[in-house]
Amino acid sequence: MKLQLWSAALGSCAVAFVFLAGITSPADDPGAQARAEITKTAEAFVEAYHKGDAAALAAFWTPDGDYMDIGGRVLKGRDAIAADFAHLFAENKDLKLRIEVASVRFPTPDTAIEDGVTSVMSPGGGLPNRAHYTNFLVRQDGKWLLSSVRESAYVPPNNYQHLQPLEWAIGEWV
């Protein structure tokens, strides 16, 4: 009986949460417009990547921006970044990129820190190359640009991390 009541209460809370989540407006979130702009920038980045356009990709960085790859190699400036992408695309045709944004936060109105995971797939199939990334973006002349990009090894979540939100349910149920 108690389990049924608990299930009913939990179900009611879930319905209320879904309802309340649906009525929040972008005005409630001061970063909503900036997030939307950053999302559009990321979509344009993916499009340029799929075209193999190294110059267009480098243009997403500030002129003095930097990029540290998963191996710790640091590229400084748009020219070095463009040359590296050109080399990548010359050796690897038709690569596909997927970006999974985990979070975006705004230390100031004109700066953003974005964390997520990238997946690069080759046309022959197989497992994607995945990396965790942290982007530091700045808004210059109304446009979001990458100032610094850092990649690190991707570690997939383990079972504990997947089930951790349910940890509150552990206990003795009578």
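Biologist: What share of the accessible surface of the protein chain belongs to carbon and sulfur atoms?

Modeller: This is a predicted model. The accessible surface of its protein chain comes to about 11600 Å². The share of that area from carbon and sulfur atoms is 61%.

Biologist: How many helices and strands does the protein chain have?

Modeller: Follow the sequence and read off the elements. The pattern runs α-α-α-β-β-α-β-β-β-β-α. The totals are five helices and six strands.

Biologist: What percentage of the residues count as buried?

Modeller: Buried means under 20% relative accessible area. The protein chain has 174 residues. The part that counts as buried is 29%.

Biologist: Is Leu 163 buried or exposed?

Modeller: Leu 163 lies in helix H5, which spans residues 159-163. The cut-off for exposed is over 50% relative accessible area. Leu 163 has 54%, so this residue counts as exposed.

Biologist: Which residues form a nonpolar patch on the surface with Leu 163?

Modeller: Patch members need over 30% relative accessible area. Leu 163 has 54%. The patch has about 480 Å² of accessible area together.

Note on methods:
Residues are numbered from 1 along each chain as its sequence is written. This is a predicted model: local features need pLDDT of at least 70, side-chain atom pairs count only at pLDDT 80 or more; totals for chains, interfaces and linings use all residues. Side-chain values use heavy atoms; hydrogens and water are left out. Patches are made of residues with over 30% relative accessible area and no salt bridge: like charges are joined within 9 Å, nonpolar side chains (Val, Leu, Ile, Met, Phe, Trp, Tyr) within 5 Å. Accessible areas come from the Shrake-Rupley method with a 1.4 Å probe; for residues, only the protein chains shown count as cover. A salt bridge is a side-chain nitrogen of Lys or Arg within 4 Å of a carboxyl oxygen of Asp or Glu. Helices (H or I, at least four residues) and strands (E, at least two) are DSSP runs, numbered from the N terminus. Buried means under 20% relative accessible area, exposed over 50%, partly exposed in between (1.4 Å probe, protein chains only).
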